[in-house]
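Keep the viewer open as you read.

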Amino acid sequence: MSVLPEPRYPTVSELVSSARTLAAHRPGLCALRQVGVSRAGRPLHLLSMGHARRAVLVVAGAHANEPTGGSTTLALAERVLHERQLRADTSWHFLLCADPDGASLHVTPAPRSLHDYHRGFFRPAAPEQPEWAPSALPPDRLPPETRALTHVIDELRPFLQVTLHGTDLGGSWVQLTKDVPGLAEPFAKSAAELHIPVETGASDAAGWPASGPGVHVMPGPGAGAAYPSMPDDARHSTWYHVHRYGGLTAVVEVPMWASDLVDDPAPHPAPAAEIRRLAGRLLRDSLEVERVLAEALPRLVDVDGPLLRAARWALELVPGLAEDWIHTQPADDSMAYVGSVDAFARRLPLRAAAMLMRVLQENGDHAAPQLERLVATWSDAFAERFRARWVPLEHQVEHQSRTVVAAVRHARDREA
């Protein structure tokens with residue numbers, strides 16, 4: 001009996017081709033247009049469906065290493081096309097990929113393990129991320145991808161922007177710039193039906209109020225940051241650009257690999273001590289990568305590029321973050337939160353090692369095998385510690401799609 005292959009994540013060109021076919025099939029309802037170009041000259045495409053003034057904007061591909069969103073935009077577009085009530089008084093607009101340059105560098109379209117995923121890993125430094133650049137750069141230095149996104153927001157004035165994100169390993173959660181009452185119930189129901197854990201203590205939302213398990217509302221401008229050293233602030237990102245038009249943003253996160261360790265609300269017996277231990281491991285692991293970088297840098301004098309910049313940026317975050325964990329009271333004392341911090345502490349040095357490994361491989365450097373072994377060891381240890389299980393791509397897409405539709409419906413009710 002033949003076994004069907006696991007569906008893979010589409011490339012940006014495949015996304016655009018599918019959107020073009022859909023628009024050609026229903027020219028009176030759908031339109032595909034270019035709304036900007038990347039730094040490298042790659043086009044940014046917007047697929048629009050319907051003509052109502054009240055608009056929803058769905059953004060995919062803001063982080064190159066989170067590929068599920070592209071598949072979700074196509075699934076949502078098909079659903080909007082076939083369910084008339086979804087577009088009865090609302091137009092839908094899909095930015096197919098906010099960072100096509102980044103997508104061209106993250107080269108694991110069909111990973112089978114965390115090691116596979118990290119062998120082709122890329123995630124740019126914050127100043128080069130379309131949504132996060134405003135939190136790191138002055139307005140006159142924003143990249144063209146950011147300017148294209150904010151121009152689309154200014155044109156559409158959406159009552160809801162949904163940005164499709166993901167995590168390598170963990171659970172699903174939602175981040176909101178304003179509360180959307182009622183969203184937590186359909187979100188949790190969808191996750192349960194698809195056997196996707198809800199990440200109840202996501203470190204990305206440390207200290208934020210929750211309107212339900214896994215649904216976090218970003219704090220107001222006067223609130224302090226849970227991690228004071230982190231240079232970026234969501235309140236300065238493009239997520240808040242919709243607020244000038246009375247809108248809000250929902251960030252829908254879905255895992256590629258699930259871990260049932262991230263939804264345990266039970267109190268941890270010693271959260272502060274455990275997080276201090278994790279801070280120590282973070283420092284040790286990062287130092288191991290920094291040693292390889294320092295030894296290789298004299299041989300890379302003519303080498304620069306997004307991979308090397310991103311690796312160095314990730315390493316630069318580590319000392320301040322470790323200090324935050326050592327000297328700041330934990331934002332949450334649950335097993336889920338401590339587990340999320342554990343995952344965060346593994347990701348930073350692993351991602352830096354993976355991107356530096358690629359730089360060294362491309363330059364034929366003799367230190368590359370050392371990092372290859374490190375990336376393999378750390379990837380396997382990450383998967384083993386969290387008992388990682390693959391979430392079928394169709395389940396990732398279905399859960400993200402359901403959550404978007406629920407967010408639209410409840411955000412409309414909030415408007416009424």
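Helices here are DSSP runs of H or I with at least four residues, strands are runs of E with at least two, and both are numbered from the N terminus. Bear in mind that this is a predicted model, with pLDDT of at least 70 needed for local features and 80 or more for side-chain atom pairs, while totals for chains, interfaces and linings use all residues. Residue numbers start from 1 along each chain as its sequence is written, and side-chain values use heavy atoms, leaving out hydrogens and water.

Start with strand β2, residues 43-49. Two strands pair if DSSP finds at least two bridges between them, and β2 has partners to look at. Strand β1 (residues 30-37) runs antiparallel to β2, joined to it by seven bridges.

Is β2 enclosed or open? Buried means under 20% relative accessible area, exposed means over 50%, and partly exposed is in between (1.4 Å probe, protein chains only). Six of the seven residues of β2 are buried, so this strand is largely enclosed by the rest of the structure.

Now move along to β9, which covers residues 248-258. For β9, 11 of the 11 residues are buried, so the rest of the structure largely encloses this strand. Strand β5 (residues 160-170) runs parallel to β9, and 10 bridges join the two. Strand β6 (residues 173-176) is joined to β9 by four bridges, and that pair is antiparallel. Residue E253 in β9 makes a handy landmark: E253 is the bridge partner of H165 and also of W173. Strand β10 (residues 389-390) pairs with β9 too, in the antiparallel sense over two bridges. There, W257 has W390 of β10 as its bridge partner.

Next come the nonpolar cores. A nonpolar core is a set of buried Ala, Val, Leu, Ile, Met, Phe, Trp, Tyr and Cys residues joined through side-chain atoms within 4.5 Å. The largest one has 60 residues, and W325, L356 and L360 touch the most other members. Among the elements that each supply at least two residues of this core are β9, α7 (271-296), α8 (306-327) and α10 (368-385). The biggest giver is α9, with 16 residues. Apart from this core lies another, of 47 residues, which include A19, A23, V56 and L81.

Click on L360 and see what surrounds it. Contact means heavy atoms within 4.5 Å. Leaving out residues up to four places away in sequence, L360 touches V292, A296, L300, D365, A367, A368 and L371.

Grid points are joined across faces, edges and corners, and a volume is the space filled by probe spheres set on the points. One cavity of 30 Å³ or more turns up in the structure. The largest cavity has a volume of about 60 Å³. Its lining has 10 residues, of which Y227, T328, Q329, P330 and Y337 lie nearest the centre.

The second largest pocket has a volume of about 460 Å³. Of its 28 lining residues, P10, T11, V12, A103 and S104 are the closest to the centre. The largest share of that lining, four residues, comes from α1.

Finish with two arginines. Most residues other than glycine have a negative phi. R157 has a positive phi of about 50° although it is not a glycine, and R157 lies in the loop between α5 (144-156) and β5. R387 likewise has a positive phi of about 50° without being a glycine, and R387 lies in the loop between α10 and β10. Are they buried or exposed? R157 is exposed, with a relative accessible area of 53%, and R387 counts as exposed at 59% relative accessibility.

Note on methods
1 Å grid on protein atoms, 1.4 Å probe; cavity = no way out; pocket = protein on both sides within 12 Å on 5 of 7 lines; lining within 4 Å.
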